[in-house]
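Below is a colleague's note on the model, arranged as numbered points. Please read it with the structure open.

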Amino acid sequence: MVGLSRRRTPEASAPEVPARAEVRDLCVAACPYCGVELKKVPGAATRCPDCHQTMYVRTDKRDQTRRVVTEEQAARIDDAHEVMAAGDLARYDRRVRETTDRLRVRFGYEPAYRDVRWSMLNEDQLTHQARRDYGLYRNTQWKMMEELDRSGPGKQRQALEFALNIFYMDQCEPNNLGGLANAEKFGARPWGPAPKLERGSLTEWIRGRCEKLGITAEQAARDYEPAAERLKMALKIPQQWAAIWPQCL
Ligand SMILES: [Zn+2]
């Protein structure tokens, strides 16, 4: 996913930014998964020579430390930073705990953060759909696509479907109506005004992924038709998928 930018929809501005404290560097030359000693402290994402898992380097703003972390820890830190920017960390932590508790009961074992996160993203989707915050819905789908993309070869087909969802939505220009029932009265529109029909970095990603899966982009677009119809119905997208993809995929 490197090189793709996540579209930023306007978010609440951060209420208070704490004074910038000095960062403590706690990076060590050891794999956070298996503990094997490394030749040097990694400066960026690095694959362990021993267990072959990828480790990441993050500066955690919650305690101002820089550490070498696992993928799960990096995801937790990234998510915390995102909610900190919206000024909502305590509420978010509570939500993570509650979701973890609920899934533990349902699964009968301790859920991975990945599962907790997926469950919360699903809830977010429903909330955004109900409020007609289609730009936020789109961003949530992006996070789900990234999650699937990280989950290995078995999830690649599903990741592609999410990418096509995002592509379809992007072409139709999603807006956020914030739950206002009469938003149209004030000139707001959920989609629009006209489709973009542009190629972009996502087009390249989709074409590349299709190649890896051994299908053409055209075939993927046709296979995606039923899913496009479901998305169109759910989000009341004005344009037909068939009117979009032949021009820009
Ligand atoms: Zn290792």
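1. The sheet is open and has four strands in the order β1-β4-β3-β2, with mixed pairing. Strands here are DSSP E runs of at least two residues and helices are H or I runs of at least four, numbered from the N terminus; two strands pair if DSSP finds at least two bridges between them. Since β1 (24-25) and β2 (46-47) stand at the edges with a single partner strand each, one side of each has no neighbour in the sheet.

2. On provenance: this is a predicted model, in which local features need pLDDT of at least 70 and side-chain atom pairs count only at pLDDT 80 or more, while totals for chains, interfaces and linings use all residues. Residues are numbered from 1 along each chain as its sequence is written, and side-chain values use heavy atoms, with hydrogens and water left out.

3. Strands β3 (residues 54-60) and β4 (residues 65-69) run antiparallel and are joined by five bridges. Within this pair, Thr59 stands opposite Arg66, and Arg58 stands opposite Arg67. The hairpin of β3 and β4 has four residues between the strands, and Gln64 there takes a positive phi near 55 degrees.

4. β1 runs parallel to β4, with two bridges between them; Asp25 has Arg66 of β4 as its bridge partner. β2 and β3 are antiparallel, also over two bridges, and Arg47 stands opposite Thr54 in β3. In the hairpin of β2 and β3, with six residues between the strands, His52 has a positive phi near 65 degrees.

5. Helix α1 (residues 71-85) lies across β3 and β4 and runs at about 30 degrees to β3. Axes are lines fitted to C-alpha atoms, for helices over the stretch in contact, and angles run from 0 to 180 degrees between N-to-C directions.

6. Which residues coordinate the zinc ion? The donors are the SG atoms of Cys31, Cys34, Cys48 and Cys51, at 2.3 Å. A donor is an N, O or S atom within 2.8 Å of the metal (3.2 Å for Na, K and Ca); water is not among the atoms, so sites may look incomplete. The angles among the four donor atoms are 106 to 115 degrees, and the site is tetrahedral, a label that requires four donors with all angles between 85 and 135 degrees.

7. Along the chain, the donors of the zinc ion have the spacing C-x2-C-x13-C-x2-C. Because Cys31 is in the loop between β1 and β2 and Cys48 is in the loop between β2 and β3, the pair ties together parts that are 17 residues apart in sequence. Both Cys31 and Cys48 are buried, where buried means under 20% relative accessible area, exposed over 50%, and partly exposed in between (1.4 Å probe, protein chains only).

8. How many disulfides are there? The count is zero, taking a disulfide as a pair of cysteine sulfur atoms within 2.5 Å. For Cys27, the closest cysteine sulfur is that of Cys31 at 13 Å, which is too far for a bond. Cys210 is in no disulfide either, and its nearest cysteine sulfur, in Cys248, is 14 Å away. Cys27 is buried at 14% relative accessible area, and Cys210 is buried at 1%.

9. Arg67 lies in strand β4 and is partly exposed, with 24% relative accessibility. Setting aside neighbours within four places in sequence, Arg67 is in contact (heavy atoms within 4.5 Å) with Leu26, Cys27, Tyr56, Val57, Arg58, Asp60 and Ile77. Arg67 and Leu26 are 41 residues apart in sequence, with their C-alpha atoms 5.1 Å apart.

10. Arg97 belongs to helix α2 (residues 89-107). Its relative accessible area of 52% makes Arg97 exposed. Val116 is 19 residues from Arg97 along the chain, and their C-alpha atoms are 9.0 Å apart.

Notes
Tetrahedral: all angles 85-135°; square planar, octahedral: opposite > 155°, others 65-115°.
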